[in-house]
Structures are given as structure tokens and as C-alpha cells.
Amino acid sequence: MYDIIIIGAGTAGMSAAIYGQRAGKKTLMLDEKGFGGQILNTPEVENYPGIKRISGFAFAGDLYQQATELGAEIVYEKAVGIEEADGVKIVKTDSGQYMGKSVILATGAKNRPLGLKDEQKFTGSGVSYCATCDGAFFRGRSVAVVGGGNTALEDAEVLAGMAEKVYLVHRRDTFRGDAANVRRLENRENVQFVLDSVPEKLIGENVISGLGVKNVKTGESTVLSVQGVFVAIGQMPDNQAFADLIELDKSGYIQAGEDCVTSAPGIFTAGDCRTKKIRQLTTAAADGAVAALAAAEYVNGLER
Ligand code: NDP
């Protein structure tokens, strides 16, 4: 029997594990894919207080080491639901089940697709959701990045260092991401902004040879001659497996305030999977601490 079962081993989940273990609680992390979560896709983290610069990969590795050296356990299984029996939470996975006194949902969010025809077919054959992972395949070639947030801006920056030409396709004429990131791109000779434009179709037989885009102001359609399309239009949560136990908002995020308390007693949440305005590394780590301390207090209450 675990005191705290954490579903998701990204920054929020691993931070929760550190705080859970340090509060003297037996803690288990479950993750379908491996530890690290979204930060693995970030080449350089420069905004985590106290660490001037670190790769996302190294950051995740350090967090993992910190959590497991403190005694947190980790199992690579997909949580598919939670049941309750006699006040115990039973977390069901795709290959077993784990009993816990409390649960922290730190399930993060997944990449939002463009919703274009053949997008799935071309994923891995020209369409990518991770510039850091796949950028090197497009060295010396032309690519399009879709999106106007910091992810798209950073992806364009990474790709500009490898690709011959980078088109940054955004549906408005101003960017959502930081001005500093926009300025860096403006100074790159091989980056071209394609503004007020939305992707219309993926062009190619077995691999991508172009991206059809439509200008939303003029209605004009053009084709960008690219071999790669990097999609960076935000994330979507994936909490439906728990929807019968906890309240979700209309977009599927877990309803919880800064206290990380969900609508179900003994179930807490942390990080990008909960309703919040700012989804950053710092806010994920902070949520992990808050949720773990709340879970520890809940477990102490059961034992009194
Ligand atoms: P965001 O939600 O910030 O941006 C998504 C972008 O995609 C927006 O520009 C949006 O357009 C556009 N978009 C959304 N849906 C569509 C669609 N269907 N078709 C075309 N365009 C679409 O997501 P990010 O992943 O960029 O960032 C998430 C969070 O993580 C943010 O808070 C960001 O600041 C943060 N982040 C921080 C980093 C850092 O500090 N180093 C690095 C990366 C991310 P519109 O603007 O018109 O809504």
C-alpha cells in the first residue's frame, strides 16, 4: 500500500514525488512512456530560477535522480482509471493495479493536432510535433512551423540553425509568444513569417513535399514548398479516464485551484493537467510541491 500514487512523471509528478518522500510518505510514480514529460522536448531551459541554463533532457534526468534517490518508486504503466474500496484508492493500469491512500494526477497535456487530412499518415514522414527530436532530419531542407506561441517560436529558432529555410505560419498578425523570441527570429535571414495564415492541406505522396496555406484576410491560397511541417499549436489534456471521479472543465482540464485539491477527497492534481492560466516549468514544480504536501496532510488525517 502506497501513501501517495502519482500518475504522470513529468516535472509536476517528479516534484510531487520529491516532496512526498521528504514528508515521509511511500510514493509511487506511474508513467506510460517514461519519466520527463514535455520538458524533454525543450532544448534549453533558461527561465528556471536558480539554474541559468540546462537542457530539458538534463533537467528531467536530475529530477528523476533526486526523486528516486529519496526513495520514490516508478513503474512504466498507463493508468486507465481509479476505483475506491473501503477508503483505499485502487489505480488500475493497462497491466495491473496499485493501492494507495491518496492519488496525485499529474497527467500533463498532449500535442494538439492540426486536424488536416492525412496528418496521422504523415506523422513521422514529414509531420512532427517535436522540433528538438526531429529537426536534425531536415538539415539543409525547407520546413514550416505552425503556431504563434513560445513553443512555435522556439521550434523555429532551433530549426533555423539546421534547415535551409523556415516558414513560420501563424493565424494572426501578432504572436502570442514572448517579444524576445520574436526579435531573435526577425534577425534570422532564413526565417520567413507567414502571418494571418492557416494550414489548409498537407501535400505529398508518401512524404511531405508541401504545405497548402490560406491567408485568412485575403482568402488567397498558396503552397509552401517544404519537406517538413512542425506543429506547435498548443496542448490538450488527457484526463477522460478519471472523469467519473473528478470534475473536469469544458476543455478537459482538471478543476482545481492553486491548492491542487480536486472534487474527490484524497485525489489531488498538479501541473499542466489542471485549470490554470500559466503553464510553465516553475508552475508545474510548484504544483507538485503543493499537491504532495496536501496529499501528505490527507494521509496523516486518515491515520489520526
Ligand atoms: P500556446 O497556447 O501558447 O500557443 C499556441 C499557438 O498556436 C497560438 O499562437 C495559437 O494561436 C495557435 N493555434 C492554436 N490552435 C490553432 C489552430 N487550430 N490552428 C492554427 N494555430 C493554432 O501554446 P505553446 O505550446 O506555444 O505554449 C504553452 C505554454 O508553455 C505557454 O504558456 C508558453 O509560454 C509556455 N512555453 C514556455 C517556454 C519557455 O518559457 N521557454 C517554451 C515553450 C512554451 P493564437 O495566438 O491565435 O491563439
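Residues are numbered from 1 along each chain as its sequence is written. Because the model is predicted, local features need pLDDT of at least 70, side-chain atom pairs count only at pLDDT 80 or more, totals for chains, interfaces and linings use all residues, and side-chain values use heavy atoms, with hydrogens and water left out.

The shell around the ligand holds 17 residues, of which N47, N150, T151, R172 and R176 come nearest; a residue is near a molecule or strand if one of its heavy atoms lies within 4 Å of it. By residue class, the shell divides into 2 nonpolar, 10 polar and 5 charged residues. In this division Ala, Val, Leu, Ile, Met, Phe, Trp, Tyr, Cys and Pro count as nonpolar, Asp, Glu, Lys and Arg as charged, and the others, Gly among them, as polar. Helix α5 (residues 150-160) supplies the largest share of the shell, 3 residues. Helices (H or I, at least four residues) and strands (E, at least two) are DSSP runs, numbered from the N terminus.

Polar contacts are pairs of N or O atoms within 3.5 Å; within protein, one must be able to donate a hydrogen and the other to accept it, and residues adjacent in sequence count only if both atoms are side-chain atoms. A polar side-chain atom of R176 is 2.7 Å from an oxygen atom of the ligand. For G148, a polar backbone atom lies 3.0 Å from a ligand oxygen atom, and for Q280, an N or O atom in the side chain lies 3.5 Å from a ligand oxygen atom. The protein buries 76% of the 910 Å² that the ligand exposes when taken alone (Shrake-Rupley method, 1.4 Å probe; for residues, only the protein chains shown count as cover).

Strand β6 (residues 97-105) pairs in the parallel sense with strand β1 (residues 2-7) over 5 bridges; two strands pair if DSSP finds at least two bridges between them. In β6, V103 stands opposite I5 and also opposite I267 in β17. Strand β17 (residues 267-269) runs parallel to β6, and 3 bridges join them. Strand β5 (residues 88-93) runs antiparallel to β6, with 4 bridges, and I90 stands opposite M99 in β6. A hairpin is formed by β5 and β6, with 3 residues between them.

An open sheet of 5 strands has the order β8-β15-β9-β10-β11, with parallel pairing. Its edges are β8 (127-128) and β11 (191-194), each with a single partner strand, so one side of each is left without a neighbour in the sheet. Strand β10 (residues 165-169) is joined to β11 by 4 bridges, and Y167 stands opposite Q192 in β11.
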